[in-house]
Amino acid sequence: MRTIIAVGQYRPLSDESVAQLSGLPTNIVSTLINKLGSILYRDTRASGGIRVRHLSVIDFLTGSNAPEDMAIDTERAHRDVGVACLKVMTLGLRFNICGIESSFLANRDIIDLPSRMDENLSDALQYSCLHWSDHLSHVQETEDGEMVAALDTFTKVPRLLYWMEALSLMGKVGVGDSVLRRVPVWLKCLKISMEERIKDALKFILVFQEAIKTSAPHTYISGLGFIPTDTVLWRHSSGVFKNLLVVEKGQKKSWGAPPSTLRGHTGSVSSVACSPDRRRIISGSYDYTIRIWDAETGDAIGKPLEGHTGGIHSVAYSPDGRHIISGSDDCTIRMWDAETGDAVGKPLEGHTDLIWSVAYSPDGRRIISGSNDYTIHMWDAETGDAVGKPLEGHTGGICSVAYSPDGRHIISGSYDYTIRMWDAETGDAVGKPLEGHTGSISSVAYSPDGRRIISGSYDKTIRMWDAKTGDAVGTPLEGHTGSISSVAYSPDGRRIISGSDDKTIRMWDAETGAAVEEPLEGHTDWISSVAYSPDGHQIISGSGDGIIRIWDAESGDAIGEPLEGHTSSISSVAYSPDGRRIISGSYDRTIRMWDAETGDAVGKPLEGHTDLICSVAYSPDGRRFISGSNDYTIRMWDAKTGDAVGKPLEGHTGGISSVAYSPDGRRIISGSGDKTIRMWDAETGDVVGKPLEGHTGGICSVAYSPDGRRIISGSHDYTIRMWDAETGDAVRKPLNGHVDGVADVTYSLDSYHIIPSPNDGTIRIWDPANYPSRVDTCFRSDSDGWVRHPDGGLLFWVPEDCRNGLSCPAILTIPTTGRNRVVRLNLEAFRYGSSWTDIKRPEA
């Protein structure tokens, strides 16, 4: 009976499943259910799951008045079921549990997957995978040796990975992070190693959610190669799995801290919000999508929420955090499941113009929306039905709507320069409009105690109002030099924040109206939305620059601040051989040095070039670095002091696009827009031999083979050429096949393969000994990060921060976490397709 009551809170289970979780034989369970037919029954609509006939039965058995021989201790019941779940998973989960033959297939493409799951994943096992931590979270006594031992056994590699594989097959990867997050909350006696395992598993499932969700085999073959090397998961999985893709360059050591910028939208970010539990951030964009982000790591969670046919203007979480709402240019409001990202019900239709603002009532039962059709609509949050008639009275579009903290009133700000208050129950206007602004009202908000209202306006001011009388409080808050787009109160009501078209966020004292600290600067376009985290420790902002930024609410500092200093686009970056320094070259004609650990600038910018810097590179011993510029020269620099070494290397008649050192550090090569490659003596700076000629377009990239015997070059003529590094002679014919310029070329470390990075979006692998034949055919990375086999199958998935290298236009973002990093893969031992199961060591 204890088991039935415990599991019934989540879903009823059959006789067989209850037997597995209770440790009793199935026939005994069935007999007991039959005898207790007056209070229990088998629900045919739930596959025969056992239910209690009336809630009063549960209240009686778990209440204080229950007879001693009948009383049920709910905590003990949940504890026993939770431990049973752990044991069922430990015994039942295994590698490739459904016998998937090829990693090329997405789960949805395996026609007989449901029957395979019925055969290999029992109902009790599936239930355990979803609800083990739900049950254990009810337990207050954490000094339970059996419970801790069961958890310790289950959380070791490879069982945690087997669990993620099972979630993938069940289509429930989205609940994995919730399951794991509950563990440290209730289990205070976690061993350090166990705590690290759980944290690693949580990071893993967040970062690789797309791969795991799409295809169960890619839990292993796409995920394990990219995990940071200084983690428990890496150390333990390397002893169990082999033949994975290898990250030869750009491998992370740790998961890293959250970034200050969340990138992913392809249009302006119009609205941001934090989930009530502080774990998630949502953002709405003019790219028609909503994105969900992990507030701790900054990683995108799942795919963008798609469905709107117009830009998103407003997003909000329900008070319980289970749903998201969004308002759009397409005149509709949509509801979404916050856990899965799935649309909930049909769009809410009724407005005749775009939706500017949406909000939930404090109890989560109502939704309100403000529109450019001059009206506010109220909706039932459960059914999506309209409630009452539209609220009318404004003579301009409604830009912002909000509920009072007690849910009794609604306020609205409009293009008619006024704020109006409404009775939330009847929809009637309350009092007269609040007047005073000389521009459109873009944003309104209540103070947490409901006593004040604040409004932001296109007149560049914020005003405070008495929520009861409607009277203005104090003088307008002035300081912004552009229109105010968004305002918000801190959770404790002591601060106000505002975002403006002047690209800044300002903080204000809510009592006095005085500015607090300097403006928060960092965005490169107008601020569309600002919000506090529920604990008030952080501020998030969305901007027309397409970026979400995170700030420390006390100091105003950006969290995980980018390395900024250049005044123009970053063209090239490089790590020193010992990993302690980073150098960057920019279109601002300077080179900068950075401390790779702290992100601090080292010394002053290195100046000397008279045009933009296109390429930088360190010498193999780390004592020097070189830079190539559009001023037709290469310069050498002392890596310690930053001083120029010798005179510029001159000879090219076009801009220098790429420079590199030979592996022994004795030579320098340079590629130029003049269609030639030149070789230089690295010590003296003298030219070595004649220019290497043959390309019919500008040179984009040059590189040495690891043994120093060959040079390769990529060009705007769509070809790659190989050269003898000693004589400068061309070696065989050009490598053809790309349909656009080749932006970068790289040798594999064994010198056996050439991997170009072209502008046509494809990767081609060549065998330099036998070219022009290719080792593999062309494959393309899609927008979701999948690299596919030529026949369309899933080859491997690439994390978002690995796809674009280190630099992006106008700003170099290299937090110490390396949000965008240069990554080189070695696929020689990689097992995939029909041989994917070879990744498991037979003895493990």
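A surface patch, as the term is used in these legends, is made of residues with over 30% relative accessible area and no salt bridge, with like charges joined within 9 Å. Please keep in mind throughout that this is a predicted model.

**View 1. Five acidic residues form a negative patch on the surface.** Here we meet Glu-517, Glu-518, Glu-521, Glu-554 and Asp-557, which gather in a surface patch of negative charge. One of them, Glu-554, sits in the loop that runs between strand β29 (547-552) and strand β30 (570-575). Glu-554 has a relative accessibility of 56%, so this residue counts as exposed, the cut-off for that class being over 50%.

**View 2. Leu-24, Ile-28 and Leu-32 make a nonpolar patch.** The three side chains give a nonpolar surface patch of about 230 Å². To find your way around, look for helix α3 (residues 26-35), which holds Ile-28. Ile-28 has a relative accessible area of 37% and is therefore partly exposed.

View 3. Helix α2 spans residues 15-22, and its buried residues are Asp-15, Ser-17, Val-18, Ala-19 and Leu-21. Just after the helix comes Gly-23, whose phi is positive, at about 85°.

**View 4. Strands β13 and β14 form an antiparallel hairpin.** Strand β13 (residues 366-371) pairs with β14 in the antiparallel sense, over 5 bridges. Between the two strands of the hairpin lie 4 residues, and Tyr-374 takes a positive phi near 75°. Strand β14 (residues 376-380) is mostly covered, with 4 of its 5 residues buried.

**View 5. Lys-87 and Glu-146 join two helices.** Side chains of opposite charge can pair when their charged atoms come close. In this view the side chains of Lys-87 and Glu-146 meet in a salt bridge, with 2.7 Å from N to O. Lys-87 belongs to helix α5 (residues 74-92) and Glu-146 to helix α8 (residues 145-154), so the pair ties together parts that are 59 residues apart in sequence. Both partners are partly exposed: Lys-87 has a relative accessible area of 40%, and Glu-146 has one of 38%.

**View 6. Asp-112 and Arg-116 pair up.** Their side chains meet in a salt bridge, at 3.1 Å from N to O. Asp-112 counts as partly exposed, at 34% relative accessibility, whereas Arg-116 is buried, with a relative accessible area of 14%. The cut-off that separates the two classes is 20%.

**View 7. Arg-710 and Asp-724 bridge two strands.** The salt bridge between these side chains has an N to O distance of 3.8 Å. This pair links distant parts of the chain, 14 residues apart: Arg-710 is in strand β43 (residues 710-715) and Asp-724 in strand β44 (residues 720-724). Arg-710 counts as partly exposed, at 24% relative accessibility.

View 8. In the whole structure, a search finds 12 salt bridges.

How values were computed: Residues numbered from 1 in each chain as written. Predicted model: local features only at pLDDT ≥ 70, side-chain atom pairs only at ≥ 80, totals over all residues. Heavy atoms only, no water. Buried < 20%, exposed > 50% of the residue type's maximum accessible area, 1.4 Å probe, protein only. Pairing = 2+ DSSP bridges. Areas by Shrake-Rupley, 256 points an atom, 1.4 Å probe, with all protein chains shown as cover. Salt bridge = Lys/Arg side-chain N within 4 Å of Asp/Glu carboxyl O. Lys, Arg positive; Asp, Glu negative; His and termini not counted. Charge placed at Lys NZ, Arg CZ, Asp CG, Glu CD.
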